[in-house]
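Visitor: I have a new model open and would like to learn how to read its packing. Could you walk me through it?

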Amino acid sequence: MNQLKMYIVSDSIGETGDLVAKAAISQFRKDFESTAVKRIPHVESTDQLHEITEIAAEQHAIILYTLVKEEMRTYIRRECERRNIPSIDLLGPIIDVIGNTLNERASEEPGRVRMLDEDYFQKIEAIEFAVKYDDGRDPRGLLLADIVLIGVSRTSKTPLSQYLAHKRYKVANVPLVPEVNPPEELFKIDPDKCFGLVISPEKLNSIRKERLKALGLKDDANYAKIERIKAEIDHFYSVADKIGCRVIDVTDRAVEETANIILNIKQKRER
């Protein structure tokens, strides 16, 4: 059985070229024992390409390359032609077609797809975190969160948690009611990562009445009474003062606007 030698040359980790190579080889070999596939990652200079093509020519190897920089692709293509090395450019033609279609120039930054994958998985992890630690379900999440939100019922804690999760922040939120002591973990966190959400009693009264109607209940329940709401807000302030956290008035504010306030505060603190 003929021995097959192949070099996978990449300016990133070479995973794309490796997968394509194995997919193609599998059409000719049931196993890879008779193939010698060598991955050469993080190639950054034409000097490296010169050395690679020199060795590949001596070993009669095939070269597959995934190089995002046009200069590097041009160099290895010419070297392969000069040395009669069979070669395949896996990215260049696709990059050219997309660039011509969009009338844009490629960024030529190696490893961008891995960065995009990491960003995606960080976002999914943050969303799952927000769901798991929503509405005070598990106070242990407060110690793990990037951002903690506190407030009385119907101050948009959950939608705000989800919005911030899409920005890759792990968010936990805790509803505050006078009859229930806040979890101990709430007073162990860094006050800078905690934000209290408050709303005017009149606005909250209107929101809660609509909520009761939507549930098919009478809107004169204690939950929506202005006296009850004021008592809850007083309790909220006592907890927020004890924590020492920043309080944001969300009356007539969209979730996006509140999120931007929180993110701006965090960014200033991190500078």
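Predicted model: local features only at pLDDT ≥ 70, side-chain atom pairs only at ≥ 80, totals over all residues.

Visitor: Happy to. How should I think about a nonpolar core, and how many residues does the largest one have here?

Guide: In soluble globular proteins, nonpolar side chains tend to be buried together. Here the largest nonpolar core has 37 residues. Those with the most contacts inside it are Ile147, Val148, Ile150, Leu164, Leu186 and Ile262.

Visitor: Which helices and strands each supply at least two residues of this core?

Guide: On the strand side they are strand 5 (147–151), strand 6 (171–175) and strand 7 (194–198). The helices are helix 7 (157–165), helix 9 (226–243) and helix 10 (255–270). Helix 9 gives the largest share of the core, six residues.

Visitor: What lies apart from that core?

Guide: Another core does, with 15 residues, including Ile40, Leu49, Leu67 and Cys80.

Visitor: Now the helix pairs. How do I describe two helices that pack?

Guide: Two packed helices are described by the angle between their axes and the distance between the axes. Take helix 7 and helix 10: their axes come within 10 Å and cross at roughly 60°. Helix 7 is therefore oblique to helix 10. The crossing of helix 7 past helix 10 is right-handed.

Visitor: Which residues of helix 7 and helix 10 meet?

Guide: Helix 7 brings Pro159, Leu160, Tyr163 and Leu164. Facing them from helix 10 are Val255, Glu256, Thr258, Ala259, Ile262 and Leu263. Sorted by class, this contact of helix 7 with helix 10 has eight nonpolar residues, one polar and one charged.

Visitor: What makes up the contact of helix 2 with helix 3?

Guide: From helix 2 come Thr46, Leu49, His50, Thr53, Glu54 and Ala57. Helix 3 answers with Met72, Tyr75, Ile76, Glu79, Cys80, Arg82 and Arg83. By class, the contact of helix 2 with helix 3 divides into six nonpolar, three polar and four charged residues. Leu49 and Cys80 are also members of the 15-residue core.

Visitor: Let me zoom in on one residue. Is Ile147 buried or exposed?

Guide: Ile147, in strand 5, is buried, with a relative accessible area of 0%. Leaving aside residues up to four places away in sequence, Ile147 touches Leu164, Tyr169, Lys170, Val171, Ala172, Lys193, Phe195, Ile262 and Lys266.

Visitor: Last, the backbone. Which residue other than glycine has a phi near 55°?

Guide: That is His42, and the value is positive. His42 lies in the loop between strand 2 (35–40) and helix 2, and is partly exposed, with a relative accessible area of 43%. Asp135, not a glycine, has a positive phi of about 60°. Asp135 sits in the loop between helix 5 (112–132) and helix 6 (141–144), and is partly exposed with a relative accessible area of 45%.

How values were computed:
Residues numbered from 1 in each chain as written. Heavy atoms only, no water. Core = buried A, V, L, I, M, F, W, Y, C linked by side-chain atoms within 4.5 Å. Buried < 20%, exposed > 50% of the residue type's maximum accessible area, 1.4 Å probe, protein only. Helix = DSSP H or I, 4+ residues; strand = E, 2+ residues; numbered from the N terminus. Axes fitted to C-alpha atoms, helices over the stretch in contact; angles between N-to-C directions. Parallel < 35°, antiparallel > 145°, perpendicular 65-115°, else oblique. Left-handed = near helix turned anticlockwise from the far one by under 90°. Contact = heavy atoms within 4.5 Å. Nonpolar A, V, L, I, M, F, W, Y, C, P; charged D, E, K, R; others polar.
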